[in-house]
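Hi everyone, thanks for coming. I'd like to walk you through one structure today, starting with the sheet and then moving to the ligand. Here it is on the screen.

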Amino acid sequence: MSFSDKSISSLPRHVAIIMDGNGRWAKRRLLPRTAGHQAGVSAVRKTVEQCAKLGIEVLTLFAFSSENWRRPEEEVNVLMRLFDRALAQEAQRLHNNGIRLQVIGDRSAFSSNLQHRIADAEKLTKDNKGMTLLIAANYGGRWDITQAARHLAAQVEQGRMSAAEITEEKLASHLSFAGLPEPDLFIRTGGELRISNFLLWQLAYTELYFTEVLWPDFDGQELDRALAEYARRERRFGHTSEQLIRQSHAATSA
Ligand code: IPE
Ligand code: IPE
Ligand code: MG
């Protein structure tokens, strides 16, 4: 059974994906790592289309981490070129499909051309009411929390707030995608069982799903599999299972 047949309530509102395994995909084919990144772009296109079609509200894709600058310069250059080209080629298509694109991460490290490309794609799609696509580029969970802390510290410094007034909500309001729902489902392809400095604060109660499938091989069937697994999970947020059952009975009889 495909996930599309299942009840809408078990569909995650926000899916966040670490797209990992491009290099190994290429290596298995005796191709350069960059061929894996190229193949990865097609998997991105397919996943975006399917998530939008299913009615997922927010899709976050980890494209480049703040630590990926440590890779060989040539690979970093290829990744930047692919990002630039994908934005140029896909922005109009995203716009036609009503998708709103936003890039999260420290974009000041990118070339000014790429920064313009990002700004243009965001501007073109900013009023769209369909799915929000967040591309995490030069993103790090620690960077995100640090920049939010810096904003709060500046407010305290200016005397607009006291340190005692800092709450979880106030800190969260300065994180990269404040205002959007937190991720319900996290997917990591490529078989590694780690977060690699992706969303740290925001994953506090996210359901985690790991698959051996390498990112360029990730397709509709694999997404369905992850969504079906998500639908089976019981999200308790600290409550007991019995409390949740009682709550849902109360809701259905109300
Ligand atoms: C993920 O694939 C893409 C980026 C990090 C940009 P990798 O390039 O990390 O692929 P593996 O993990 O080496 O196979
Ligand atoms: C995480 O993958 C970053 C992206 C997919 C963009 P990595 O391949 O960089 O993670 P590590 O180095 O294996 O932890
Ligand atoms: Mg990797």
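**The sheet and the ligand site**

So, this is a predicted model, and please keep that in mind as we go. Let's begin with the open sheet: six strands, parallel in their pairing, arranged in the order 3-4-2-1-5-6. Which strands sit at the edges? Those are strand 3, residues 100-104, and strand 6, residues 207-210, and each of them pairs on one side only. On average, neighbouring strands in this sheet are turned by 20 degrees against each other, ignoring direction.

If you'd like to look at one pairing, take strand 3 with strand 4, which covers residues 132-139: the two run parallel and are joined by five bridges. Val-103, for instance, has Ile-135 in strand 4 as its bridge partner.

Now to ligand 1. Where does it sit? The space that ligand 1 takes up is the largest pocket. Among the residues around ligand 1 are Met-19, Asp-20, His-37, Ala-63, Asn-68, Arg-71 and Leu-79. Helix 1, residues 22-28, and helix 2, residues 33-54, each supply at least two residues of that shell, and helix 1 gives the most, with three.

With Arg-24 it is the side chain, where an N or O atom is 2.7 Å from a ligand 1 oxygen. Arg-33 also has a polar side-chain atom 2.8 Å from an oxygen atom of ligand 1.

Thanks, and I'm happy to take questions!

Terms used. Residues numbered from 1 in each chain as written. Chains lettered and ligands numbered in written order. Predicted model: local features only at pLDDT ≥ 70, side-chain atom pairs only at ≥ 80, totals over all residues. Heavy atoms only, no water. Pairing = 2+ DSSP bridges. Helix = DSSP H or I, 4+ residues; strand = E, 2+ residues; numbered from the N terminus. Axes fitted to C-alpha atoms, helices over the stretch in contact; angles between N-to-C directions. Near = heavy atom within 4 Å. Polar contact = N/O pair within 3.5 Å; in protein donor to acceptor, adjacent residues only side chain to side chain. 1 Å grid on protein atoms, 1.4 Å probe; cavity = no way out; pocket = protein on both sides within 12 Å on 5 of 7 lines; lining within 4 Å. Sits in = over half its atoms within 2 Å of the grid points.
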